[in-house]
Amino acid sequence: DWMDGQLVEKGRQDMRQLALRLASLFPALFSLENYGRLQLVTSSKHRCVDSGAAFLQGLWQHYHPGLPPPDVADMECGPPRINDKLMRFFDHCEKFLTEVEKNATALYHVEAFKTGPEMQNILKKVAATLQVPVSNLNADLIQVAFFTCSFDLAIKGVKSPWCDVFDIDDAKVLEYLNDLKQYWKRGYGYTINSRSSCTLFQDIFQHLDKAIEQKQRSQPITSPVILQFGHAETLLPLLSLMGYFKDKEPLTAYNYKEQLHRKFRSGHIVPYASNLIFVLYHCKNAKTPKEEFRVQMLLNEKVLPLAYSQETASLYEDLKDHYKDILQSCHASEECELPKVNNTSDEL
């Protein structure tokens, strides 16, 4: 459906600029000779396919400043390949779909917060500002007004009149409402949210393994850069699987104040054009074979320290060792299987 979350011009610009910044940050990886070896994977959604295309146009700009880019189909590296099993793993996970996505009670805390004191307070304030009865408003309408304000700001760079209805405290409450939804649907709320992303996590390490194997055999690296275009809903479960942004206490409808300084702030973790990068380094002067390969992760182009040690980089073997349970024992087919209901009654 063409109306299903289209990429706007601002989004295309974001992706072109991201490509230019990454090409400058990693000149050896994004060298002209590697251009034809780029591997692009995308979700089937238009906005992801378009993001991939815009990213390639940004790279073209990097290599040929001032020349208009050709059609993506005509670029040497070829157009992005669609792979929803990787980029929309949640759609292929029966357990997630049944127990979270289609379960009316899974987002209990979101609904409870909507009718809680913090939201009621905003309802009263907005009703007074608009001079309408409070009974005419509800949390969903307040959210629509807040999104109208934020979308106008993000997409057009203009301040909508709807922004004047809210103050900074209201914005924090509405941010929490959205974080509650992301927490229970994509984050730590239910184990299946993150376990459903195992396949993607393992795919990343298969690419790294392959590059190391080729390097050790002094072969050329067949895919020096793999670019995967998905969703905020692709990244949040993956980051949760890896143990990032985990608060001591769960986010609930009843602990807004206690969670004011929470780590799980989805707008900071997965903003527009958010990205997670695994960079593999080969260290020529390594003392032992184990020390030859290191990995650094970047989230939104800033170093993401390891969740378990706060170090800014890790020996590849140590990283694999830390995540060995996920790499070896997490099988999406098993994780996503619904518990079998035993309907057979024993004959007496």
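A salt bridge is taken here as a side-chain nitrogen of Lys or Arg within 4 Å of a carboxyl oxygen of Asp or Glu. The model is predicted, so local features need pLDDT of at least 70 and side-chain atom pairs count only at pLDDT 80 or more, while totals for chains, interfaces and linings use all residues. Residues are numbered from 1 along each chain as its sequence is written, and side-chain values use heavy atoms, with hydrogens and water left out.

**View 1. Salt-bridge network of E175, D179, R262 and R265.** These four residues, E175, D179, R262 and R265, are connected by salt bridges into a network. The structure has 24 salt bridges.

View 2. K114 pairs with E111, with 3.3 Å between the closest N and O atoms. Both K114 and E111 belong to helix α6 (residues 108–114) and are 3 residues apart, about one turn of the helix; helices (H or I, at least four residues) are DSSP runs, numbered from the N terminus. K114 is buried at 14% relative accessibility, whereas E111 is partly exposed at 44%. Buried stands for under 20% relative accessible area, exposed for over 50%, and partly exposed for values in between (1.4 Å probe, protein chains only). K125 forms a salt bridge with D170, where the closest N and O atoms are 2.8 Å apart. This pair links distant parts of the chain, 45 residues apart: K125 is in helix α7 (residues 117–130) and D170 in helix α9. K125 is partly exposed at 30%, and D170 is buried at 3%.

**View 3. Salt bridge of E335 and R195.** The side chains of E335 and R195 form a salt bridge at 3.2 Å, N to O. E335 lies in helix α16 and R195 in helix α10 (residues 191–195), distant parts of the chain that are 140 residues apart. R195 is buried, with a relative accessible area of 16%.

**View 4. Disulfide of C93 and C336.** The structure holds 3 disulfides, each a pair of cysteine sulfur atoms within 2.5 Å. One of them joins C93 to C336, S to S 2.1 Å. The torsion about this S-S bond is about -100°, so the disulfide of C93 and C336 is left-handed. C93 sits in the loop between α4 (84–87) and α5 (94–101), and C336 in the segment after α16 (332–335), 243 residues apart. Both C93 and C336 are buried.

View 5. C149 is joined to C163, S to S 2.1 Å. Their link is right-handed, with 105° about the S-S bond. C149 is in helix α8 and C163 in the loop between α8 and α9 (168–185), so the pair ties together parts that are 14 residues apart in sequence. C198 is joined to C330, S to S 1.7 Å, and this link is also right-handed, with 80° about the S-S bond. C198 is in helix α11 (residues 198–216) and C330 in the loop between α15 (324–329) and α16, 132 residues apart. With bonded cysteines counted along the chain, the disulfide pattern is 1-6, 2-3, 4-5.

**View 6. Helix α12.** In helix α12 (residues 232–241), 8 of the 10 residues are buried, among them T234, P237 and S240. G243 follows α12 and has a positive phi, near 90°.

Methods. Helices (H or I, at least four residues) and strands (E, at least two) are DSSP runs, numbered from the N terminus.
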